[in-house]
Amino acid sequence: MKRIKFSPITKMRFARFKSIKRGYYSFWILLVLTLLSFVGEVFINNKALIVKYEGKVYFPILRSIPGISKQYKGKDFGEDYTYEAKYRELQDKWKASDSDNWLLMPLIPYSAGESDPIDMKALRVQEAKLANQLVQDLAKLSRDPADAVLLAEKTNELQSAKEKEVSRLFKEAFHPLPPNAATKHFLGTDKIGRDIFARLIFGYRIAIIFSLVLMLFNYGIGVTVGCSMGYFGKWIDLLGQRLIEILSRVPFIYVIMIASTIYGRSFGLLLGLMVLFGWMGSTWQMRTATYREKARDYIMAARSLGASDARIIFVHIIPSTISLLVTFIPFAISGAIISLTSLDFLGFGLPPGIPSWGELMKMGTENMDSPWIVSSVVGAMVLILFLVNLVGEAIREAFDPKKFTTFE
Amino acid sequence: MTKWLTYLSVLLVLIVITVISISGTKAGFLIVENCEYEYRPCSIEEKFTLLFHGHKEPIKPFPVTDEILPEGLEWKNGADQQPFADPSAKRGGTWNTFIITFPQTLRQRGMNANSGFRLYLDLNDQDLLDIHPVTDAFIPALAREWAIGPDKRTVYYRIDPDAQWSDGVPVTADDWICMLKLFRSPGIVDPYTSNYFTEYVEDILKFDDHTIGVRVPKRQPNIVLSTMMAPVPYHFYGNFLQKETSVRGTTAYYTFKNNKLPIPEDLNYYPIQDKQESLEAFVVSLASKLQTKLPEPEAESDGAPVDPVALLKEVTDTLTAAIQLTDTLAETDHAEALRQLEGIMAKFVHFQLQLAAIAPTPEQAKASHTITIDDVAPGWNKTFNWRAKPNTGPYQISKFMHGKWVLFKRNANWWANDHKFYKYRYNTDYRHIRLISKPEIAFEYFKQGALDSFGLTLAEYWHKKAADISQYENGYVQKRWLWSDLPRPSWQISMNLETEVLKDKNVRLGIAHALNIQKMIDLAMLGDARQANTISTGYREYTNTDLRARAFDIEKATGYLEKAGWSRMGADGIRIKDGQRLSIKFLYSSPEQKGNIMILKEEAAKAGIEFKPETYDSNTVFKFLQDKKHEMVWHGWGQRHHLTGPTYYGSYHSDNAKIPNTNNFCNFGDDEVDRLIETYRNSNDVEERKKLAKELQARIHEACIAIPTYYIPFSRSIAWRWVRIPDAAETPSSELIFDFSLYWIDEEVKQETLNAMKEGKTFPRTIRVYEKNKPAE
C-alpha cells in the first residue's frame with residue numbers, strides 16, 4: 001500500500017492547525033463525541049450489558065446489533081412472558097430477592113424510543129386514599145344548620161386541600177419529568193416519557209451522519225461540476241451557470257414542504273432534496289478556483305509537456321484548489337445540522353419516531369413550563385455548533401494562503 | 001465628516017424603509033368593516049319591496065303550494081316544558097375568547113366556509129325548534145307549534161309571527177324555501193351542503209306566510225330532528241337567486257353507473273344525477289329484499305324526444321310509490337307486494353331505456369339547453385365573503401379586523417328577548433373573539449386576564465401547565481370539571497381488509513391484542529381518557545355496554561399470530577412469514593396523535609409486529625383513505641346527536657366497500673351486517689333501532705376491523721372569578737360548561753377581583769366538579 005505523502009505545505013498547515021489550541025481540542029472533542037454516539041447503544045440502552053443467570057453469562061447488548069441473532073425473551077430468564085426481557089425490572093427483582101443472578105445495565109438504562117411507564121395503579125390508590133380521607137373529614141364537620149355558611153366554607157377548604165394534594169401527586173408523577181439522577185433520567189424526560197439524554201445523543205448521531213453524507217454529496221457534485229465548468233469553459237460553463245441560476249431561484253423550503261406532504265417524510269427524500277439544492281455553493285467556488293489555476297504558468301507547462309486533461313485536473317488543479325474547499329467543510333456541517341433541525345422543528349424533516357433535535361426543540365418550546373427539554377436541546381446545539389465553528393475557524397486560519405503559500 | 005454623513009444617510013434610509021413597511025402592514029390590517037344593520041321593523045309587504053345592497057329589483061314571494069294542510073294534525077307547542085336558565089343572571093359585559101385560525105369568509109355555506117369560526121355564526125342562527133337540554137323534549141324556537149303529518153314524512157310548522165331577522169325584517173315561510181334553493185344550488189360550490197339538502201330534504205311547502213311543511217324523502221325516526229332547520233334571509237339573498245340557468249348539455253346529467261355520459265367540466269356535480277342514482281340503488285335493494293331479479297331491458301327505444309324534466313317527475317313519483325310500498329310491505333301480503341313491485345320495476349326499466357335514448361349526440365352535448373334549475377348568481381361566493389347576513393339569533397358581527405379579531409354585539413331588539421326559553425341566556429353585551437394562533441400563547445393571554453376562560457380538557461394543561469398557577473392558588477381564577485354522558489367522536493384504528501396481511505382475521509385479532517391503549521392513555525394522556533369499548537360511545541341506549549375492548553395481552557396476540565402462520569421471529573424481533581416481515585403501515589394525520597402512535601408502536605413490537613407510522617396533512621390522508629390505499633389508519637368519526645343514534649351505512653356497508661370515494665375505510669362487507677344496517681336505516685321503531693345498533697356494534701367488534709381507542713367523557717375549563725356559572729348550566733346535554741350560554745359576567749365581581757389583585761388580597765382556591773352526569777365506566 002502506498003503511503004499517503006503530504007506536501008511540505010500541507011504538513012505546515014497541519015502543524016499550524018495543531019498550534020491553534022482551541023480549534024485542535026474542539027476537533028478532538030467532536031471526534032470523540034461522534035465516535036461515542038456511533039456506539040451509543042453501549043451507554044444508552046434498555047438491554048443489559050451482561051446478564052448472569054443461573055451460572056450462565058449472557059450478553060444481551062450484542063443482540064441490539066441488527067441481524068446478529070434473536071433477542072432474549074423473558075422466558076430465557078425465568079419470567080413468564082415470551083417477548084423481549086425487561087431488564088430493568090429483572091435487575092430490581094434480582095436485587096430485591098438477593099439471588100445469585102445479576103445483570104449490569106448501561107449507564108442510561110433506556111432506549112431512545114422507549115417510554116418510561118408510570119405506575120398508574122399506585123397513583124389511583126393514593127388518589128382513592130385521599131378521597132376517602134376527604135369523605136371522613138367531611139363527615140366530622142358539624143351539620144348544624146346555623147353554621148351553614150361556615151360548613152360550606154369548611155367543605156370547600158377541605159375539598160380544595162384534597163384537590164391540591166391530588167394535583168401535586170399527578171404533576172410529580174406524569175411526564176415530562178425534570179432531571180433526576182435516581183431514575184437515571186439525567187436530562188429529564190419528554191412528553192411521553194422518553195429519556196431526553198438518549199434522544200439527544202441519537203439525535204446527534206442522525207444529524208452528524210446526515211450532514212456528513214450531505215457534505216460528501218454536495219462536494220462531490222460541486223467539485224466535479226465546478227471543475228468541469230472552470231476547466232473546459234465554453235458551453236459547459238454557460239450551461240452550468242444557467243442551471244445553477246435556475247436552481248438557486250427555486251424556493252427550497254417550499255419544495256421540501258410540498259414534497260413531504262405528497263411523498264411523506266423520509267431520510268432519503270430529505271437528503272436528495274437538500275443535495276439537489278445544496279451543491280451550487282461549492283460549485284461556484286470550485287469554478288472560480290479552477291479558472292484561476294488554469295491560467296497559471298505551471299498548468300501551461302504541464303500542458304506543453306503533453307499532460308492529459310485528466311492528469312492536469314486530478315494531479316495539478318484539484319490538489320491546489322481543494323484547500324479552499326476544506327475551509328468551508330465545518331461551516332457546511334454546522335449549516336446542515338441547523339437546516340435539519342429547523343426542518344424537523346417545522347415538521348417537514350425526518351419521519352416520525354426518529355430521534356431528532358428539531359422535534360425536541362418543538363416539544364420544548366411548546367412546553368416552556370418544563371424548561372429542561374428546551375434547555376437541553378438548545379445547550380447541546382450551542383455546544384456542537386460552537387465546537388464546529390471553532391474547528392472551522394482554526395482550519396481557515398491554518399489554510400490561509402497568506403500564511404503559507406508557494407506563490408508570491 | 002463625510003463618514004458621519006454617510007452613516008447618517010444610511011440610518012435615515014433604514015428609518016424610512018421601516019416606517020413604510022410598518023405603515024404598509026398597518027394599512028393591510030386596518031380594514032375595519034362595520035356590519036351593523038340599521039334596525040327598522042317592517043311589515044311583510046314591505047319585505048318584498050326592500051332595496052338591498054343597491055339591487056333595485058324587488059323580490060317576489062314564493063308561490064303557495066297546491067297541497068292543502070292536512071286536517072286533524074296534532075299540534076304540539078312544548079308548553080309543558082320549563083325554562084332552564086337562571087333568573088339571577090345579569091346582563092352586560094364582554095366575553096373575551098379566541099380562535100386559532102381566522103375565517104376565510106363570513107359566509108356559513110359555500111366555498112371555504114367550513115371553519116372553527118363558523119360555529120359562532122351557526123349558534124346565532126335559530127332553528128325552527130330547539131331541544132330542551134334537560135328533558136330532551138322539543139321546545140319552540142322560530143316555530144311556535146309543530147305537527148307530524150299523516151304520511152310521517154312531513155313536519156308542519158307554524159312560524160312565530162314575532163320572529164324577526166336582526167335587521168327588523170319578519171321571518172316568513174319564504175326564508176326556508178330560499179334556504180333550500182340556495183343550499184341546493186351548484187353555484188355555491190359546497191358539495192356537502194348541496195348533497196345533504198338534495199338527498200335528505202325532499203321539499204319545503206309554503207301554506208301561508210307563517211305555515212310551512214318540511215318533507216323528507218323517506219320515513220324515519222326522529223323526523224322532527226331532521227326537519228327543524230334554520231332559514232336564510234330571503235330579503236338578503238333573494239336578488240342573487242336565479243330562476244333559470246343555461247346549462248350546456250343538460251341531458252348529460254342523466255347518467256348510469258355503468259353507462260357514463262359526458263359530464264360538463266364546469267358542473268360535474270348535479271343533484272338530479274344523484275337522485276337518479278339513489279333511485280336506482282333503491283329499486284335494486286328493494287328487488288333484493290323481495291328476492292326477485294330486475295328484468296333486463298330488451299326493447300329498443302323508439303327514439304322519440306324525451307323531456308328530461310317530465311321524466312324526472314315521473315321518476316320521483318315512482319320513487320314515492322316504491323317508498324309507500326315498503327311502508328306497507330309488512331302489512332300487505334307478500335304476493336301482492338311482489339305484484340306491485342313488478343309494476344314499479346317495469347316502469348323503472350322503461351326509464352332506463354328512455355334515459356339511454358336521450359344520451360346526447362356530440363352536437364347535442366355541445367348545444368345549450370335551458371331548463372329550470374335554481375342556482376345562485378355567478379360570483380355569489382365572492383359577493384358575500386365579507387358581508388355577514390342578518391340572523392335570527394342574539395349576536396351579530398358588529399366589527400372585525402382582518403386577521404385580528406371579530407366583535408359580536410348583542411341585538412338589543414332581539415325578537416326572543418322575553419321568550420320563555422331564551423330569557424336570562426346570552427347575557428353578555430359583546431363577544432370579542434380574537435385570533436391567537438397557538439393555545440400556549442392563548443393561555444398566557446388568559447393568565448393576564450385578556451381572556452375570560454380557557455379550556456383545560458387537555459391533560460397536559462390540567463395536570464401540568466395549569467396545575468398550580470398563582471392566579472388559581474390566589475383564587476382569582478376558578479377551575480371547573482364537567483362530566484357528561486354524550487356521544488363521543490369515535491377515534492378508531494381501521495384496518496383495510498384489502499391489504500394482504502390484514503385479510504386474515506387472526507392477524508387482526510393479534511394486532512388488537514398487541515395495542516397497549518391503556519399504556520398510551522396513562523403516558524400520553526396522563527391517565528385522563530378512558531379506553532373505548534365500542535365504536536359508538538355515549539349514545540346511551542344505543543351503546544352496547546356489554547362489549548369490552550380486547551385487552552393488551554402479548555400471549556394472546558402471539559397465539560393468534562401463530563395461528564395465522566406468523567410463527568417465525570426475525571433477528572430484530574419482528575415476525576416473518578414466507579420471507580415477508582409483519583410490518584404494517586400506520587397512517588395518521590393529526591400531529592397530536594404522534595406520541596400515542598409511538599407508544600403503540602413500541603408496545604406492539606413486543607408481539608413481533610412492526611408499525612410504520614406515516615403522516616401527511618389531513619387532506620392528503622383523506623385522499624389516501626378515499627382511494628383505499630392505506631393499510632391501517634387512525635382516524636376519527638364525528639358524533640351524531642344522541643337522539644338520532646349512530647350511523648353505520650357509510651362506514652360498514654358493502655355498498656361502500658372496495659370502491660373509491662366512499663367512507664368504508666375497512667373495505668368491509670358482510671351480508672348479515674348489510675342486512676342489519678339496512679333494517680337499522682329503514683326502521684322507524686326507536687326500540688328496534690337501539691337493539692340493532694347494539695347488535696351491529698357487536699358484529700363489528702367480532703369481525704375486529706375497527707378498533708376503538710379512547711374517549712374523553714368530560715370537559716374542563718378555567719375561568720376568572722367574574723364569570724358566573726349557575727348550577728343550571730350542568731344539564732345532561734352540556735358538553736362544555738358554557739353551552740346554552742347560561743353564564744354571565746359580573747362587573748362588580750370583576751372590579752372586586754381586579755382591586756384585590758392590586759392590593760394582594762386573595763380568595764379561597766376554588767374548584768368545582770360537576771359529576772351529576774358522569775357516565776359509568
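Taken over C-alpha atoms, the centres of domain 1 and domain 2 of chain A lie 44 Å apart. The model here is a predicted one, in which local features need pLDDT of at least 70 and side-chain atom pairs count only at pLDDT 80 or more, while totals for chains, interfaces and linings use all residues. Residues are numbered from 1 along each chain as its sequence is written, and chains are lettered from A and ligands numbered from 1 in the order in which they are written.

| Domain of chain A | Residues |
|---|---|
| domain 1 | 50-104 |
| domain 2 | 120-173 |
| domain 3 | 196-398 |

Now to the place where the chains meet. Contact between chain A and chain B involves 36 residues of chain A and 38 residues of chain B; two residues are in contact if their C-beta atoms, placed from the backbone, lie within 7 Å. On the side of chain A that touches chain B, helix H5 (148-173) and helix H8 (252-263) each supply at least two residues, and H5(A) gives the most, with seven residues. By type, the residues on this side of chain A are twelve nonpolar, 15 polar and nine charged. Here Ala, Val, Leu, Ile, Met, Phe, Trp, Tyr, Cys and Pro count as nonpolar, Asp, Glu, Lys and Arg as charged, and the others, Gly among them, as polar.

Chain B has 24 helices and 31 strands. These are DSSP runs numbered from the N terminus, with helices (H or I) of at least four residues and strands (E) of at least two. Of its 777 residues, 39% count as buried, meaning that 20 or more other C-beta atoms, placed from the backbone, lie within 10 Å of a residue's own. Among contacts in chain B with a separation of 6 or more, 74% come from residues 24 or more positions apart.

One helix worth a visit is H4(B), residues 173-184, whose twelve residues reach 17 Å from first C-alpha to last, close to the 16 Å expected at 1.5 Å a residue; the expected span is 1.5 Å times one less than the number of residues. H4(B) is mostly covered, with eleven of its twelve residues buried, including Asp174(B), Trp176(B), Lys181(B) and Phe183(B).

Strands pair if DSSP finds at least two bridges between them, and E20(B) joins E21(B), residues 575-577, over two bridges in the antiparallel sense. Met569(B) stands opposite Arg575(B) in E21(B).

Definitions and conventions: Domains from an automatic or database assignment.
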